[in-house]
Amino acid sequence: TVVFVVRVLSHSFCGQTPSVMALNTFIVFSVSLVALLLGFIIVAIWGSSKPGFEWKTAEPNGPFWQIAMFLFMYSGIVSDVAFIRTAVVLANLFITAWVIFGVASWPNIWRAPLAEIHVDQLMWCFLCVFVNALPMLRQFQFDDSKKKFDVGKKYVDLAESIWREWWRRSGIPRTDFKTIVEAGEFMEYSPGEVLEMKETASSDSDSESNTVEDGMVGDFEDIFYYVVRGKIRCEPAPDSGRKEFTLTSGYFCDAFALMALLGQTTVCMAMQMGPHTATVLPGETAIVIKWSQKTIVEKIIRTHGFAPMCLKTVVSSATLDSFYREALQEDHLDVFDSVEQKRKELVQAPLGKDAAMPQRSFLKQFWMSHISLRDLWEP
């Protein structure tokens, strides 16, 4: 029977569109709620049918119980997780105090005949407070500005400048940028060197399943670069129909494949015949950040936070700028290049490390966390 129920639920919830899944969730919730209410009614009928029992109206519970119920209710009208956890923690403390102090009636807070130590109540109170208070305190103490980028002393200043540019493109917090930049590797290439666009994929125990899931072809995986300094000339695969183009600081190589990996497929990616050849142009040494496809998937995409979303925004916006330049007529390229140079100067302007932290006061944040009456009907 259990196996049958699991199979039915799996069939109902897996592979469904969001609207169908929402409907199935509503049905399960409604059925479960009705079943629970029926169970309570059956218990009430069974208990009240015993000889000598008579229903009567009890006095209102004491202030601690009333406060606890208010806090449980209040946790449903705030949207900030920190304040939700705060309300739940306080509610559990008040309900525990009410039970141990003798389940007093209004307006009393102490009832001597029933005041006693309830070990089970204390145990559940501790567990409820622990699972809510620990992440709550961690959230209150969290400071994004204290995050440092462990990329080697030589590249710390470059990492800081990249964060400033990426923050102005996507609003990425330092915590999520740290995840991205430390997943990659700073590399230097001399003029004339060719960048590898594919490399042998590292094998592991479940490499076959990872190859299918992560989009790797055979024993090879894509390599992606972010140009920090220098110029890189890209020659598309033969018969691709694409022109050669040059990447400068602030752009990605191979952006189409990286966007597809991040969940944003394009016609450009579908028409790509194969990897292009990327060569460092004469001049200064090129500095790039290098990521493998497996690294992107395991250390960036499969993480919590804003790293995947912000990275996709940065790649998309940078690629859009590159496309716009290629669409311009030659007599307008100097205007674009001057504007782009000015943009690069502006994005490197000083920026506080707390830029991604909420700048409003605690009270304002608390007030803004409240939902409206409309949210109760349209969550």
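In this predicted model, L195 stands opposite A278 in strand 8, and the two strands concerned, strand 2 and strand 8 (residues 277-280), run antiparallel and are joined by 2 bridges. The points below place that pairing in its sheet, and then turn to a helix crossing and to a loop residue.

- Strands of a sheet pair through backbone hydrogen bonds, either parallel or antiparallel.

**The crossing of helix 6 and helix 12**
- The axes of helix 6 (residues 156-170) and helix 12 (residues 307-327) come within 9 Å and cross at roughly 90°, which means that helix 6 is roughly perpendicular to helix 12.
- Helix 6 contributes W166, R169 and S170 to the contact, while helix 12 contributes C310, L311, T313, V314, S317, A318 and D321.
- Sorted by class, the residues in the contact of helix 6 with helix 12 are 5 nonpolar, 3 polar and 2 charged.

- I172 lies in the loop between helix 6 and helix 7 (174-183), and I172 counts as buried because its relative accessibility is 0%.
- Leaving aside residues up to four places away in sequence, I172 touches W163, W166, W167, F177, I180 and C310.
- Although I172 and A307 are 135 residues apart along the chain, their C-alpha atoms are separated by 7.4 Å.

Methods: Residues are numbered from 1 along each chain as its sequence is written. This is a predicted model: local features need pLDDT of at least 70, side-chain atom pairs count only at pLDDT 80 or more; totals for chains, interfaces and linings use all residues. Side-chain values use heavy atoms; hydrogens and water are left out. Axes are lines fitted to C-alpha atoms, for helices over the stretch in contact, and angles run from 0 to 180 degrees between N-to-C directions. Helices (H or I, at least four residues) and strands (E, at least two) are DSSP runs, numbered from the N terminus. Angles under 35 degrees count as roughly parallel, over 145 as roughly antiparallel, 65 to 115 as roughly perpendicular and the rest as oblique. Contact means heavy atoms within 4.5 Å. Ala, Val, Leu, Ile, Met, Phe, Trp, Tyr, Cys and Pro count as nonpolar, Asp, Glu, Lys and Arg as charged, and the others, Gly among them, as polar. Two strands pair if DSSP finds at least two bridges between them. Buried means under 20% relative accessible area, exposed over 50%, partly exposed in between (1.4 Å probe, protein chains only).
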